[in-house]
Amino acid sequence: MDPKLDLSAVELRDRMVKGELKAVDVAQGFLDRIAAREGEVQAWAWLDSDHVLEQAAALDKYRGTGRATGPLHGLPVALKDIIDTRRIPTENGTPIDEGRVPTKDAYVVERLKAAGAIIMGKTVATELAYRQPGKTRNPHNPNHTPGGSSSGSAAAVGAGMVPLAIGTQTDGSVVRPAAYCGVVGFKPSFGAIPRSGILAQSPSLDTVGIFARTLQDAALLSDCLFGHDEADRATDLSPPPRMLKIAKSDPPVTPMVGFVRPPGWDEADSQTQMAMKEFTDLLGEGCFEAPLPNVFSDAPAIRERINFAEMAKCYYSYERRGWDRLSDKLREAMDKGKAVPARDYIAALDWPDVLNAGLAEVFERCDVILTPSTPTPAPEGLEYTGSSVFNGIWTLCGLPAVTIPLLEAENGLPMGVQVIGRKGDDARLLRTARWLALQVASPELQEA
């Protein structure tokens with residue numbers, strides 16, 4: 001396998017822009033990796049090598065004209081198969097949509113093309129982005145789950161098949177699979193990336209997320225996707241955040257980290273709890289434990305109430321077209337959603353403000369919150385996509401969260417450390433997460 005493909009996405013892009021690498025050669029290299037590993041990992045729902053190479057050849061030809069290249073010039077990007085792609089199948093992980101081919105690209109796909117990215121293909125999603133697993137396996141051990149619902153996107157990056165991928169998170173569908181597959185998984189602030197043209201499960205929670213090998217690579221892709229779209233009321237018309245520039249910089253002062261034991265802490269196995277203790281001890285006086293107010297114990301149930309009620313509405317067309325073709329897991333969730341009284345659903349929508357008010361007191365004392373990404377490493381077996389108990393709170397609150405693959409389990413599987421920032425402080429979150437990663441890698445701190 002070509003070692004150049006192990007470069008970061010930023011380095012690959014820069015070399016292609018300078019002419020040191022051709023987009024065709026990079027694309028072919030990743031296609032070779034897919035051919036070598038896809039039989040084991042099964043990350044792809046749709047892939048056409050000729051289509052990939054045609055895009056790459058066009059980008060090489062464009063560069064030869066001397067015109068300015070895009071910020072993602074020549075970089076292959078994989079898309080979760082709930083993101084509409086013009087003239088390319090988007091089947092949403094369900095046989096009900098088998099053969100569905102959109103006539104228009106989603107907002108994020110339009111932005112990728114404008115930035116010079118190569119649309120590598122569509123990655124496996126769980127059924128309608130819920131909990132019924134697809135065919136994908138963990139790239140580190142095929143007998144273990146890759147997580148869900150963005151399983152294919154996380155596994156494709158984890159297996160080295162592609163440098164960047166896009167997924168979505170309504171509960172823990174970016175952070176969890178990224179942690180299981182040993183990659184960076186970045187869930188931005190709610191509304192940071194428009195969702196037009198993406199399957200809607202729960203509009204109050206659905207968030208577009210990014211998978212990458214490094215934090216800087218996640219920032220690079222974020223720069224191209226953040227923005228305002230009139231078709232998505234969750235987005236705001238605001239200045240661009242300059243994600244990569246800030247993520248590459250050093251914090252102006254030494255960050256303070258607040259360690260949180262979220263609801264469900266007792267579900268964490270002993271090695272996860274011990275790993276987090278060692279990690280926080282390593283940070284010394286720069287880290288303190290920040291207990292959450294008691295009200296947070298109700299947050300998982302509140303998030304689920306919103307999710308299921310909105311899912312019952314958003315997926316009504318699937319109920320009409322093929323109720324008997326949906327999994328038992330999905331039908332059970334939709335039935336629960338249909339049973340939620342309007343009073344309880346409307347009341348649940350007020351909870352993010354309540355929870356964020358409680359978190360404001362925590363953020364007065366720290367720059368970021370630190371917590372495990374998952375209670376355990378990737379569970380063995382493929383019928384269960386793992387627990388998202390440590391992720392849903394931050395999704396409900398709309399806060400940016402990123403998992404970094406800094407730990408390793410006793411069985412060799414990766415474990416992620418999750419870092420959470422204030423809403424809208426996405427760039428500073430990635431900068432602080434990068435600083436944390438460098439501190440852990442520092443021999444001086446390890447000796448201390």
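I looked up A129 and found that it counts as buried, with a relative accessibility of 10%. I noted that this is a predicted model. I placed A129 in the loop between strand 3 and helix 5. Its phi came out positive, about 60°, although A129 is not a glycine.

I then went to S149, which is found in the loop between strand 3 (118–123) and helix 5 (151–158). The peptide bond leading from G148 to S149 is cis, and I read its omega as near 0°.

Next I checked N92. I found N92 in the loop between strand 2 (76–80) and helix 4 (107–114). Phi of N92 is near 55°, again a positive value in a residue other than glycine. Buried or exposed? I put N92 down as buried because its relative accessibility is 3%, under the 20% cut-off.

I turned to the whole protein. I counted 17 helices and 11 strands. The radius of gyration is 21 Å, close to the 22 Å given by the globule rule for 448 residues, so I recorded the protein as being as compact as a globular protein of that length. I noted a box of roughly 60 × 60 × 45 Å for the C-alpha atoms, along the principal axes. Of the 448 residues, 58% count as buried.

I looked up the charges: 48 side chains are positive and 59 negative, and the centres of the two sets lie 6 Å apart.

Last, I checked confidence. The average pLDDT is 96, and 98% of the residues score at least 70. Over residues 444–448 I found a pLDDT below 50, and this stretch has six contacts in the model beyond near neighbours in sequence.

Key
Residues are numbered from 1 along each chain as its sequence is written. This is a predicted model: local features need pLDDT of at least 70, side-chain atom pairs count only at pLDDT 80 or more; totals for chains, interfaces and linings use all residues. Side-chain values use heavy atoms; hydrogens and water are left out. Helices (H or I, at least four residues) and strands (E, at least two) are DSSP runs, numbered from the N terminus. The radius of gyration is taken over C-alpha atoms; the globule rule is 2.2 Å times the number of residues to the power 0.38. Buried means under 20% relative accessible area, exposed over 50%, partly exposed in between (1.4 Å probe, protein chains only). Lys and Arg count as positive and Asp and Glu as negative; His and the chain ends are not counted. The place of a charge is taken as NZ of Lys, CZ of Arg, CG of Asp or CD of Glu. pLDDT is the predictor's confidence in each residue, from 0 to 100. Contact means heavy atoms within 4.5 Å.
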